[in-house]
Structures are given as C-alpha cells and as structure tokens.
Amino acid sequence: QLKRLMVEQELKNNPELANESWDRFLPTFKKMKRNNTTSKKLRNGMTVQQIKKDSLKKKRKQGNKYTPWPPAPVPSKIDIALESGAY
C-alpha cells in the first residue's frame, strides 16, 4: 500500500497524466490466504504459547522413543572379511 501511495504522489506531479485514469500505473495486491489450521486454533481462543505447546507435543509423539544407548556400529569391510575368512 505504501508503494501505491508513492506512485499516486508521482502521478499527481505529472501534468500530462492529471486527466487520465491511473489504474494502469497503480499496483494491485492479492489478499494472502491463511493456513486453515492456524486460523481454526485462533478462533478457538488459544494463545500463541498454547499453539506452540500443542505443536511441540505433536512433534514429540511422531519421534522415536528415547534410548540411552547409541545404535550398534556398522561392521567395516575388514570386519566382514575377517568373519568370512577372506582376509
């Protein structure tokens, strides 16, 4: 909208275009569509912090369970050769 005001100001200063329609010079902006999930939550009266907390819970549920031990190491080519007796 600021750009539109700036263009109008420039057109006012130009005497040749004073009597013409300025529609071809002025920018037109489309309205942004909001994500439906966030708009529903905001309508339910949830605060921003509650929405963040809710999304964190969903992320935690999707992840794997916590295990204190690291995964087993992948055997190297030499280890595989030793087992098969080729080394």
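**Figure 1. Tyr87 in the segment after α4.** Tyr87 is exposed because its relative accessible area is 68%, above the 50% cut-off for that class. This tyrosine is found in the segment that follows helix α4 in the predicted model. When residues up to four places away in sequence are not counted, Tyr87 touches Ile78, Ala81 and Leu82. The view may also include Lys77, which stands 10 residues from Tyr87 along the chain. The C-alpha atoms of Tyr87 and Lys77 are separated by 9.9 Å.

**Figure 2. The chain as a whole.** The chain contains 4 helices and 0 strands. Read along the sequence, its elements follow the pattern α-α-α-α. The chain has 87 residues, of which 8% count as buried.

**Figure 3. Confidence along the predicted model.** The average pLDDT of the chain is 78, and 82% of the residues score at least 70. Where in the chain is confidence lowest, and where is it highest? The lowest confidence falls in helix α2, residues 36–43, with a mean of 56. The highest falls in helix α4, residues 77–84, with a mean of 92. Where pLDDT is low, the predicted coordinates should not be read in detail.

**Figure 4. Helix α1 and its span.** Helix α1 covers residues 2–13. From its first C-alpha to its last, this helix of 12 residues reaches 17 Å, close to the 16 Å expected at 1.5 Å a residue. Does α1 lie largely buried or largely in the open? Of its 12 residues the number buried is 1, so α1 lies largely in the open.

Figure 5. The structure holds 1 salt bridge. Its partners are Arg4 and Glu8, whose closest N and O atoms are 3.8 Å apart. These atoms count as a salt bridge because their separation of 3.8 Å is within the 4 Å cut-off. Arg4 and Glu8 are separated by about one helical turn, because they stand 4 residues apart in helix α1. Arg4 counts as partly exposed, at 33% relative accessibility. Glu8 is also partly exposed, with a relative accessible area of 22%. Both residues belong to the class that lies between the cut-offs of 20% and 50%.

**Figure 6. A nonpolar patch on the surface.** Which residues form the nonpolar patch on the surface? The patch is formed by Leu2, Leu5 and Met6, and together these residues have about 340 Å² of accessible area. Leu2 has its place in helix α1. With a relative accessibility of 62%, Leu2 counts as exposed, because the class begins over 50%.

Figure 7. Leu11 lies in helix α1. Is this leucine buried or exposed? Leu11 counts as buried because its relative accessibility is 7%, which is under the 20% cut-off. Which residues are in contact with Leu11, leaving aside its neighbours within four places in sequence? The contacts are Leu17, Trp22, Phe25 and Leu26.

Technical notes:
Residues numbered from 1 in each chain as written. Predicted model: local features only at pLDDT ≥ 70, side-chain atom pairs only at ≥ 80, totals over all residues. Heavy atoms only, no water. pLDDT = per-residue confidence, 0-100. Helix = DSSP H or I, 4+ residues; strand = E, 2+ residues; numbered from the N terminus. Patch = residues over 30% accessible without salt bridge, like charges linked within 9 Å, V, L, I, M, F, W, Y side chains within 5 Å. Areas by Shrake-Rupley, 256 points an atom, 1.4 Å probe, with all protein chains shown as cover. Salt bridge = Lys/Arg side-chain N within 4 Å of Asp/Glu carboxyl O. Buried < 20%, exposed > 50% of the residue type's maximum accessible area, 1.4 Å probe, protein only. Expected span 1.5 Å × (residues − 1). Contact = heavy atoms within 4.5 Å.
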